[in-house]
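Subject: Structure handover

Hello,

Here is the structure I promised to pass on. Please open it alongside this email.

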Amino acid sequence: MTAFAEVFSLAFVAWFGFAGVTALLCIFFYPVARRWFLSLPPVMRANHVLAWTVAPAAVGLLLTSFIFLPTVLSLLGMASDHCQAGGAGFAYPCLLHPFTSMERELPWFLLFPLTALGLFFLGQIIWEWLRVRRFVRALTLASAPDASRDIWVVKSEWPLAFAAGISQARIFVSEKLVRDLSSPQLAVVLAHERAHLYHHDPARYFFARAIACLHVSWLRRKLLEDLSLAAEQACDEEAAKQVGDRLLVADTIVQVERWCHQQRRSAPVPLPSFVGSQVVARVESLLASPQEPGWMYRMIIGVSRGLVLITLLFAADPLHQLTEAVLGFLVE
């Protein structure tokens, strides 16, 4: 096995360990943090929930990269050889000490499960990408472009309206909504869906669904539900600003939901729509006063980011040594 392959395989073990610990912490801390999120404006709540959804993968990647920081600083001449300074005779994920001289490889009980996990993780992303791609292609074939509104009109009597796609997301609206909604109500629907495009919600939800597989199943469902609700409420707020009437937005949601309820019983498969499954929460949010973040929120977020960065910088070397010790224990 080449030195690069050994570095990659051991770094993957470290990433998996960090991701697993982070996923475990999310089980205990997300229900507590969620109570605080509910007091935030929907746009900020969506960003926070998205961060928690991708936290295992993202924190694992961040901490794995930081275990290489002492090595990078040594190579740049900004610090001494951390392995020699620490008195260690060897270091596993260390660019200064090639693994070819150590003749150590991952044991089979780590290599096979982690390879399977990596393939499953990659397959999950590819499968989700292919599913979205097929869905958008089928819709495009069943639609006609409306250049004046910059939307695609689906030839359907179902009350459909949604944004779909990843790199080039589009807005699809059914002929029924274009024909039967009043002009102000149609303006609400279009403003809502354009807000999805502005916030890149189709791409964000794609990555969230693919990466959330690192969470336990019940927390994954809860995170995706919370993310979906926050994103929908954020677009409701944007639509309310565009049309200048929160009650009109609530009325349009109720109107489309009423049509969906009438046709849902005969639907062959669940279909995406403007309303979704969280109508009550969205209407209640529109009937309440808009939420605005206070100065305390901005101060807490700014201080927290600074503390996390400082902690990571000071903890890089101990984290590096601890990771080496754990990896050394596993491959012995």
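Below is what I found, from the overall fold down to single residues.

First, a caution: this is a predicted model.

Overall picture

The protein has 13 helices and four strands. Of its 332 residues, 45% are buried. I also looked at contacts between residues at least 6 apart in sequence; 68% of these join residues at least 24 apart.

Two packed helices are described by the angle between their axes and the distance between the axes.

Start with H2 and H10. The crossing of H2 past H10 is left-handed.

Which residues make this contact? On the H2 side they are Pro42, Val43, Arg45, Ala46, Val49, Leu50, Trp52 and Thr53. On the H10 side they include Leu223, Leu224, Asp226, Leu227, Ala230, Gln233 and Glu237. By class, the H2 contact with H10 has 13 nonpolar residues, two polar and three charged.

Now H9 and H10. H9 covers residues 201-211. From H9, the contact uses Asp201, Tyr205, Ala208 and Arg209. From H10, it uses Arg220, Leu224, Leu227, Ser228, Ala231 and Cys235. By class, the H9 contact with H10 has six nonpolar residues, one polar and three charged.

Cysteines

Are Cys235 and Cys260 buried or exposed? Cys235 has a relative accessible area of 0%, so it is buried, the cut-off being under 20%. Cys260 is at 7%, so it is buried too. The disulfide count is zero, with a pair of cysteine sulfur atoms needing to lie within 2.5 Å.

Asp150 has a positive phi of about 60 degrees, although it is not a glycine. Asp150 sits in the loop between strand E1 (143-146) and strand E2 (151-154). Its relative accessible area is 63%, so Asp150 is exposed, the cut-off being over 50%.

His200 also has a positive phi, of about 55 degrees, and is not a glycine. His200 lies in the loop between helix H8 (183-198) and helix H9 (201-211). At 53% relative accessibility, His200 counts as exposed. The C-alpha atoms of His200 and Ala163 are separated by 9.5 Å, and the two residues are 37 apart along the chain.

Best wishes

Note on methods. Residues numbered from 1 in each chain as written. Predicted model: local features only at pLDDT ≥ 70, side-chain atom pairs only at ≥ 80, totals over all residues. Heavy atoms only, no water. Left-handed = near helix turned anticlockwise from the far one by under 90°. Helix = DSSP H or I, 4+ residues; strand = E, 2+ residues; numbered from the N terminus. Contact = heavy atoms within 4.5 Å. Nonpolar A, V, L, I, M, F, W, Y, C, P; charged D, E, K, R; others polar. Buried < 20%, exposed > 50% of the residue type's maximum accessible area, 1.4 Å probe, protein only.
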